[in-house]
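This briefing is meant for a reader who is meeting the structure for the first time. Please look over the sequence and the model before going through the points that follow.

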Amino acid sequence: MKKGRSFEHGYTIVFRGGDSLKYSLMILIIIVPYLMSLYVHESLIIYFKSLVIYGIMFLSVFITLRVMVSTQSYRGFGTTLSLFSTTLAAVIDLLITLATHKFVVGFGALSFVLPLSAMIMVLRGLEHNGGSMKKYIAYPLYTLPGILIIQLISYFLITTIDPIKYVILDSAFYVFSFLFIYYVIFKFEASYGGIDIFKLFSSYLYTALFEYSEPFERELSKRSIVRDVKVHLFILNSDNNAYVVTIPELHAGPIAKVGGGYLISDLVSEISRYVNPVVYIHGVGSHELDPATRIDVRKIVRVVATKVKESLNERSTGNVCVGKMPVQIESRNFRVTHVPLCGKSLVIISRLVKSSDDIPLSVYEELRKRVRLDWDNVILIDAQNYYSDDNTWDENDINELAQLLSKIGELEDQRLEIKSCVNHVPKYAFGPIQFEIGDNGLITWGLEINGKRVLLVIFDGNNLRRELADAIINEFRSGFDIVEVLTTDNHQYTGIARFTRSRGYKVVGDSISHELIIRNVRKSVKRCINDLRKTSVRYYPVLIEGIRLIGDSFSSMVRAAERGVMDWKKHFTVLIILPILTMIILGIILGIL
């Protein structure tokens, strides 16, 4: 069964709402009362009075949200939610006006009780509810002052509904709201993982929207596992010109500005103090291998950078380079590229149909059982270079990949002569403002091994458009025996709300011109090949003790969110449709309509 990327799609929709959505909502707020005034033949003075009321509605929601969850006015999310709530209220007033032939303003104010209460539950609930979800039941009351103010102003400016009837309607609706909140709490505890997942999701949403990482890192740390981690470190030296290749047995996530989201930028920045350029490659594993906090990232970076500094002062021992020849093998669903670095083998996995996206540790362990390889000297690499909505693994996938890896095991060792070159294209070469490519930009790594030419094109990004990857491979296939395109799976700009139109989940090639990207790759490859020289390779396994990794907590949260997305029709009905129907029914029963 396909696994849709509903989580990525969901936060991308939220984060890319941008100005166009805000302007559309503002236009609706202006147009709707005008249509109401035309329908009942009211004067322009009444229309302008209604605009005042809807302006007060907007401020009421905005101030409530800001006070309750400490949002800052320059954050776009609070403004968008306030405009959405006001628009919903205006649409309900329009429906009531059409039904009653009276200019009704303020009746729809109750419509934002449930959506706003739900948002306050998620954002405020993290810090203020301890271990009990029952305290969430009070959140509808936080909307009450604003609604009473709106309704009183509506009565005095337009005088369409008696205040006593408003009070009766409000009381009945708030009883309904408390029952709804209790239902949500029960639903979350029963179906979505309970208080721990709810608090984790609260902290995630707060971080993603307001770029304040401390709550999320704290929740991740509580659920973290502590273990020693390894970083594969290669020092390549040609004519006293050294550069570094790093392959951490870690995942650079989960999102920007949280824990492992800093891993690539911090590691490359620190190592660049001693040697440049730095090649970072994405190894095996998913979010269970994310460092939980930036403190853990800094510990990793400090140990690796120290090892780089020490190794640069060591003299090469002049050992003979022995390994298997480079080879690229392809089947229907996979392309496997073997690149020897003397005794160590880089084995790069590309998935050609499904998404190349985080080879799970369980798959890696199963491959170790099935395939006869010198696994102590094989470093499996996830190319993360073909994006699709399906990133699942099944038994057929594992069997097919195992067969390809077995062919690498059949290769004979021989003496190798390695020539190598690395060229770095900085991030700014792809445009002044973009969030598809991380701080390490583009790396082109060329190798010539016993006359066989290999080209690795490595983008510091989170996956790649399929057509772009294929275009790059086709461009250079005539000049190289083996060409592969990779990304680092960098989450440096993934899942953050600032500059909402550009954030969310973006893969390389989403908005940057493919022609510009290929032009930069072409220039980089040319400079690299002109610098191709005989190279010595030294390998160092760097072990870092006592690192907090997030384990299954983030994946559990994602699964809970995806189940919630699958139930979106129910949630939409309960949050939007049901309040409208309830108000109309209560309005009829109470004689308001």
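This is a predicted model: local features need pLDDT of at least 70, side-chain atom pairs count only at pLDDT 80 or more; totals for chains, interfaces and linings use all residues.

**Backbone, disulfides and cavity**

Proline 254 sits in the loop that runs between β2 (241-248) and α10 (263-271), and a cis peptide bond with an omega of about 15° joins this proline to glycine 253.

**The chain as a whole**

- The chain contains 17 helices and 15 strands, and 58% of its 593 residues count as buried.

**Backbone geometry**

- Most residues other than glycine have a negative phi, and most peptide bonds are trans.
- Besides the bond of glycine 253 and proline 254, which is cis, a cis peptide bond with an omega of about 5° joins asparagine 276 and proline 277, and proline 277 belongs to the loop between α10 and β3 (278-280).
- Histidine 41, although it is not a glycine, has a positive phi of about 60°; histidine 41 is found in the loop between α2 (18-40) and α3 (44-69), and with a relative accessible area of 71% it is exposed.
- Histidine 101 also has a positive phi, near 60°, and is a residue other than glycine; histidine 101 is placed in the loop between α4 (76-100) and α5 (113-128), where it counts as exposed because its relative accessibility is 55% and the cut-off is over 50%.

**Disulfides**

- A search of the whole structure finds two disulfides, and when the bonded cysteines of the chain are numbered in sequence order, the pairing is 1-2, 3-4.
- Cysteine 321 is joined to cysteine 342 by a disulfide with an S to S distance of 2.1 Å, and the link is left-handed, with -110° about the S-S bond.
- Cysteine 321 lies in the loop between α11 (294-312) and β4 (322-324), while cysteine 342 lies in the loop between β6 (334-341) and β7 (344-351), so this pair ties together parts that are 21 residues apart in sequence; cysteine 321 and cysteine 342 are both buried.
- Cysteine 421 and cysteine 528 form a disulfide in which the sulfur atoms are 2.2 Å apart, and because the torsion about their S-S bond is about 95°, this disulfide is right-handed.
- Cysteine 421 lies in strand β10 (residues 418-425) and cysteine 528 in helix α15 (residues 514-530), so the pair ties together parts that are 107 residues apart in sequence; cysteine 421 is buried, as is cysteine 528.

**The largest cavity**

- Rolling a probe the size of a water molecule over the atoms shows where empty space is left.
- The count comes to one cavity of 30 Å³ or more, and the largest cavity has a volume of about 60 Å³.
- The residues that line the largest cavity include Phe435, Glu436, Ile437, Asp460, Asn490, Tyr493 and Lys506, and by class the lining has three nonpolar, six polar and three charged residues.
- Two of the elements that contribute to this lining are β11 (437-449) and β12 (452-461), each of which supplies at least two of its residues.

How values were computed: Residues are numbered from 1 along each chain as its sequence is written. Side-chain values use heavy atoms; hydrogens and water are left out. On a 1 Å grid over the protein atoms alone, a cavity is a set of points where a 1.4 Å probe fits but cannot get out, and a pocket is an open set with protein on both sides within 12 Å along at least five of seven lines; lining residues have an atom within 4 Å of a point. Grid points are joined across faces, edges and corners, and a volume is the space filled by probe spheres set on the points. Helices (H or I, at least four residues) and strands (E, at least two) are DSSP runs, numbered from the N terminus. Ala, Val, Leu, Ile, Met, Phe, Trp, Tyr, Cys and Pro count as nonpolar, Asp, Glu, Lys and Arg as charged, and the others, Gly among them, as polar. Buried means under 20% relative accessible area, exposed over 50%, partly exposed in between (1.4 Å probe, protein chains only). A disulfide is a pair of cysteine sulfur atoms within 2.5 Å.
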